[in-house]
Amino acid sequence: MGKLDGKVAIVTGAGRGLGRAYARRLAGLGAKIAVTDLNLKSYEEFEAEAKAMTADSTVDEIIAGGGEAMGIEMDVRDEAAVQSMVKQVMARWGRVDILVCNAGGGRGRPIDTKASTIETSLLHLVTEMNYYGTVYCVNAVAPIMKEQRSGKIVTVSSVAGLSPSIDGGYAHYGAAKAAILHYTRYLAQDLGPFGITANCIAPGTITTGRIVASVMPGSANANRDRSEGVALRRLGGVEDCAKVVEFLTTDMSDYVTGQCIAIDGGLLRQA
Ligand SMILES: NC(=O)c1ccc[n+]([C@@H]2O[C@H](COP(=O)([O-])OP(=O)(O)OC[C@H]3O[C@@H](n4cnc5c(N)ncnc54)[C@H](O)[C@@H]3O)[C@@H](O)[C@H]2O)c1
């Protein structure tokens with residue numbers, strides 16, 4: 001018996017990285033997983049992600065492990081596509097118990113995104129893929145969860161959404177992630193009476209393939225050892241975050257809502 005036997009979970013941005021780890025962990029607990037992504041083979045973009053794959057896609061990995069999964073390609077910025085994705089999940093499994101709004105990320109360079117000079121196209125893109133995408137997904141599943149009178153929603157902020165960078169760079173991303181966190185507090189108030197919890201996680205620097213390729217020592221944009229300011233003196237792994245998602249999507253957290261858990265190893269932010 002798995003803790004999530006009979007449950008249905010939607011994980012956005014689950015083609016690689018953190019989303020893939022959440023999808024695989026929830027599947028391991030017995031949940032049926034809707035793996036959604038802009039590109040279900042997004043892992044191909046980064047060497048470390050491609051190397052980590054044990055099958056052709058996250059869906060195939062889950063099925064090979066004896067789980068149940070379906071893959072849906074869609075853009076969380078497209079509200080109609082999000083609604084259609086949830087309809088497909090309902091048509092196949094008839095319920096939605098868990099939503100992990102993981103799709104998102106930053107774009108552009110810190111120098112082009114300082115708070116007073118954010119390039120407008122980057123502002124739109126990053127706000128839409130993070131904040132709007134989260135709200136669209138919640139809008140689509142909330143009526144179902146309300147009817148069920150149960151559900152668990154996990155949204156994804158970042159340490160960048162908790163405190164600013166020292167030079168004000170990457171403000172578009174930090175502000176979008178802060179919006180997600182505060183929105184989640186409102187969401188918890190709204191959905192609490194229906195027995196639905198809504199919580200947020202704020203990862204620090206987690207060594208996904210993207211991070212390994214972009215900001216780790218030795219890579220193109222590396223400027224310092226990012227584990228220096230971390231109390232535990234190591235960067236996080238995807239399983240560090242997946243464990244917290246397990247807590248927030250199982251009965252261990254039934255009386256926890258409207259909260260944000262930083263998964264950052266005790267980071268004191270420097271930049
Ligand atoms: N890795 C970190 O250090 C870190 C730290 C803090 C927060 N986060 C957040 O965690 C989440 C996952 O991060 P990651 O490092 O695994 O990122 P990633 O870029 O490796 O993976 C993101 C996935 O989301 C998909 N995606 C992107 N935009 C999408 C869209 N509009 N619609 C649907 N899918 C889309 C991508 O195709 C990709 O598969 C993001 O929200 C990110 O902001 C990550």
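Predicted model: local features only at pLDDT ≥ 70, side-chain atom pairs only at ≥ 80, totals over all residues.
User: Is α1 roughly parallel or oblique to α8?
Analyst: Helix α1 covers residues 17-28 and helix α8 covers residues 238-249. Their axes lie 9 Å apart, and the packing angle is about 50°. That angle makes α1, relative to α8, oblique.

User: Is the crossing of α1 and α8 left-handed or right-handed, and how many charged residues are in the contact?
Analyst: The crossing of these two helices is right-handed. From α1 the contact takes Gly 17, Leu 18, Ala 21, Tyr 22, Arg 25 and Leu 26, and these meet α8 residues including Val 238, Glu 239 and Glu 246. Eight residues of the contact of α1 with α8 are nonpolar and two are polar, while the number of charged ones is three.

User: Which residues of α5 make the contact with α4?
Analyst: Helix α4 (residues 79-93) packs against α5 at an angle of about 35°, with the axes 8 Å apart. The crossing is right-handed. On the α4 side the contact is made by Glu 79, Val 82, Gln 83, Val 86 and Met 90; on the α5 side, by Tyr 136, Cys 137, Ala 140, Val 141 and Ile 144.

User: How many residues in the contact of α4 with α5 are nonpolar?
Analyst: The contact has one polar residue and one charged residue. Its nonpolar residues number eight.

User: Is α5 roughly parallel or oblique to α6?
Analyst: Helix α6 spans residues 171-191, and its axis comes within 9 Å of that of α5. The two axes cross at roughly 15°. Angles under 35 degrees count as roughly parallel. The arrangement of α5 and α6 is therefore roughly parallel.

User: What is the class make-up of the contact of α5 with α6?
Analyst: α5 passes α6 in a right-handed crossing. Among the α5 residues that meet α6 are Leu 122, Val 126, Tyr 131 and Val 138, and the α6 side includes His 172, Lys 177, Ile 180 and Leu 191. The residues divide into 14 nonpolar, four polar and one charged.

User: What radius of gyration does the chain have?
Analyst: The chain has eight helices and seven strands. Its C-alpha trace spans about 50 × 40 × 35 Å along the principal axes. A compact globule with 271 residues would have a radius of gyration near 18 Å, and the chain agrees with this, at 18 Å.

Notes. Residues numbered from 1 in each chain as written. Axes fitted to C-alpha atoms, helices over the stretch in contact; angles between N-to-C directions. Helix = DSSP H or I, 4+ residues; strand = E, 2+ residues; numbered from the N terminus. Parallel < 35°, antiparallel > 145°, perpendicular 65-115°, else oblique. Left-handed = near helix turned anticlockwise from the far one by under 90°. Contact = placed C-beta atoms within 7 Å. Nonpolar A, V, L, I, M, F, W, Y, C, P; charged D, E, K, R; others polar. Rg over C-alpha atoms; globule rule 2.2 N^0.38 Å.
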